[in-house]
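Welcome! Please look over the sequence and the 3D picture below, then try each exercise before reading its solution.

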Amino acid sequence: MQIIDGKLVASQVLEEVKGDIDRLKAAGITPGLAVVLVGDDPASQVYVNSKVKKCGELGMHSRKIVLPADASQEELLEVIRELNADASIHGILVQSPPPPHIDEAAVVLEIDPAKDVDGFHPENVAKLVMEDESGFVPCTPLGCIRLLKAAGIETAGANAVVIGRSMIVGKPMAHLLMSKQSNATVTVAHSRTKNLPELCRSADIIVAAIGRPSFVTAEFVKDGAVVIDVGINRVEDASAKRGYRIVGDVAYDEVAPRCRAITPVPGGVGPMTIAMLMANTVKACRQQTGA
Ligand SMILES: Nc1nc(=O)c2c([nH]1)NC[C@@H]1CN(c3ccc(C(=O)N[C@@H](CCC(=O)O)C(=O)O)cc3)C=[N+]21
């Protein structure tokens with residue numbers, strides 16, 4: 001059984017990205033990322049701060065914009081318009097999920113597709129479906145594909161089951177796996193899927209993106225399967241320093257012994273998400289500057 005080390009692969013991606021940034025800077029161009037957070041959700045604050053910190057480590061420009069939880073939709077749209085017009089900013093990310101009074105789809109529509117490094121704008125969704133590589137692909141599924149490659153997993157002809165159909169992970173993951181780059185046979189499962197454990201037992205590759213701690217148990221997994229755990233769930237743990245632990249969507253201890261390869265949580269998909277965000281921002285910078 002192989003434990004796929006997301007931190008290690010992320011550091012390799014970031015090394016490549018750093019080389020690109022250094023070359024751009026030598027040409028007088030500094031890639032810039034704006035991260036917008038509405039509200040004070042503690043988990044979102046942690047993620048937003050780690051994205052801004054990573055920009056600093058790589059020598060990238062970043063702006064962090066925090067709006068109060070009761071900010072109006074129009075205030076948020078105005079911030080996005082300003083960032084669209086800011087030539088020092090090549091990538092814009094609005095942390096998801098926003099507070100319930102914000103219409104997330106309308107916010108995403110306002111982002112200039114050329115700066116949509118999350119790949120959530122309909123123009124980029126269309127490019128993914130059309131396999132047009134000039135678009136932006138959501139960072140988490142992009143990171144999952146990179147992990148499969150790094151671990152030497154053959155996807156061509158493999159039966160892949162993606163559990164979850166979100167716009168952020170499940171849907172783009174399914175498209176990447178079925179693309180001519182990966183050539184997997186893909187089934188997308190969700191909360192109304194019948195006989196899910198049985199369906200998953202037919203999978204060579206399982207991508208778990210449900211958002212429920214330890215949902216995928218040993219009965220879902222055939223011997224020799226590859227399991228990619230996208231879940232990031234906080235569970236209370238009085239013995240942990242912060243009072244909680246991060247666990248995935250996979251019951252790791254009982255599933256891992258059956259696997260050919262598996263990603264841990266933490267240290268699996270999470271670090272890759274941030275690395276691919278940096279890669280997407282550099283791609284956006286190059287496209288916008290022609291460098
Ligand atoms: N517009 C938008 N884009 C996103 O990409 C986006 C988002 N909204 N909203 C929330 C999710 C979640 N997300 C994570 C990124 C990194 C880790 C990460 O680095 N996790 C580490 C540490 C986990 C910890 O200790 O907290 C790990 O898994 O090893 C996790 C989760 C990005 N997201």
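## Exercise 1: Gly164 and its surroundings

Leaving out residues up to four places away in sequence, Gly164 touches Val169, Gly170, His190, Ala209 and Ile210; two residues are in contact if their C-beta atoms, placed from the backbone, lie within 7 Å. This is a predicted model, in which local features need pLDDT of at least 70, side-chain atom pairs count only at pLDDT 80 or more, and totals for chains, interfaces and linings use all residues. Residues are numbered from 1 along each chain as its sequence is written.

Task: Find the loop that holds Gly164, and decide whether Gly164 is buried or exposed.

Solution. 
- Step 1: Gly164 sits in the loop between strand 5 (159-163) and helix 7 (170-178). Helices (H or I, at least four residues) and strands (E, at least two) are DSSP runs, numbered from the N terminus.
- Step 2: Recall the cut-offs: a residue is buried if 20 or more other C-beta atoms lie within 10 Å of its own, exposed if 12 or fewer, and partly exposed in between, with C-beta atoms placed from the backbone.
- Step 3: Gly164 is buried, because it has 24 C-beta neighbours inside 10 Å.
- Step 4: In UniProt, an unreviewed entry gives the annotation "binding site" to Gly164, Arg165, Ser166 and Ile232. UniProt positions are given in the numbering used here, feature names are shortened, and annotations may be inferred rather than shown by experiment.

## Exercise 2: Two neighbours in sequence

Solution. 
- Step 1: Ile232 lies in the loop between strand 8 (226-229) and strand 9, while Asn233 belongs to strand 9 (residues 233-236).
- Step 2: Ile232 has 20 other C-beta atoms within 10 Å, so it is buried.
- Step 3: Asn233 has 17 such atoms within 10 Å, so it is partly exposed.
- Step 4: Beyond four places in sequence, Ile232 touches Ile246, Val265 and Gly270, and Asn233 touches Gly211, Pro213, Ile246 and Val247.
- Step 5: From Asn233 to Arg245, 12 residues along the chain, the C-alpha atoms are separated by 8.0 Å.

## Exercise 3: Around the ligand

Task: Work out which residues come nearest to the ligand, and where the ligand lies relative to the two domains.

Solution. 
- Step 1: Of the 18 residues around the ligand, the nearest are Ser96, Ile246, Pro266, Gly270 and Thr273; a residue is near a molecule if its C-beta atom, placed from the backbone, lies within 6 Å of it.
- Step 2: Two or more residues of this shell come from each of helix 2 (42-58), strand 4 (91-94) and helix 10 (269-289). Helix 10 gives the most, with 4 residues.
- Step 3: The chain is divided into domain 1 (28-112) and domain 2 (139-270), with bounds from an automatic or database domain assignment.
- Step 4: The ligand lies between the domains, because both give residues to its shell.
- Step 5: The C-alpha centres of domain 1 and domain 2 are 28 Å apart.

## Exercise 4: The largest nonpolar core

Solution. 
- Step 1: A nonpolar core is a set of buried Ala, Val, Leu, Ile, Met, Phe, Trp, Tyr and Cys residues joined through C-beta atoms within 7 Å.
- Step 2: Of the 87 residues in the largest such core, Val162, Ile206, Val207, Ala208 and Val227 touch the most other members.
- Step 3: Helix 10 gives the largest share of this core, 11 residues.
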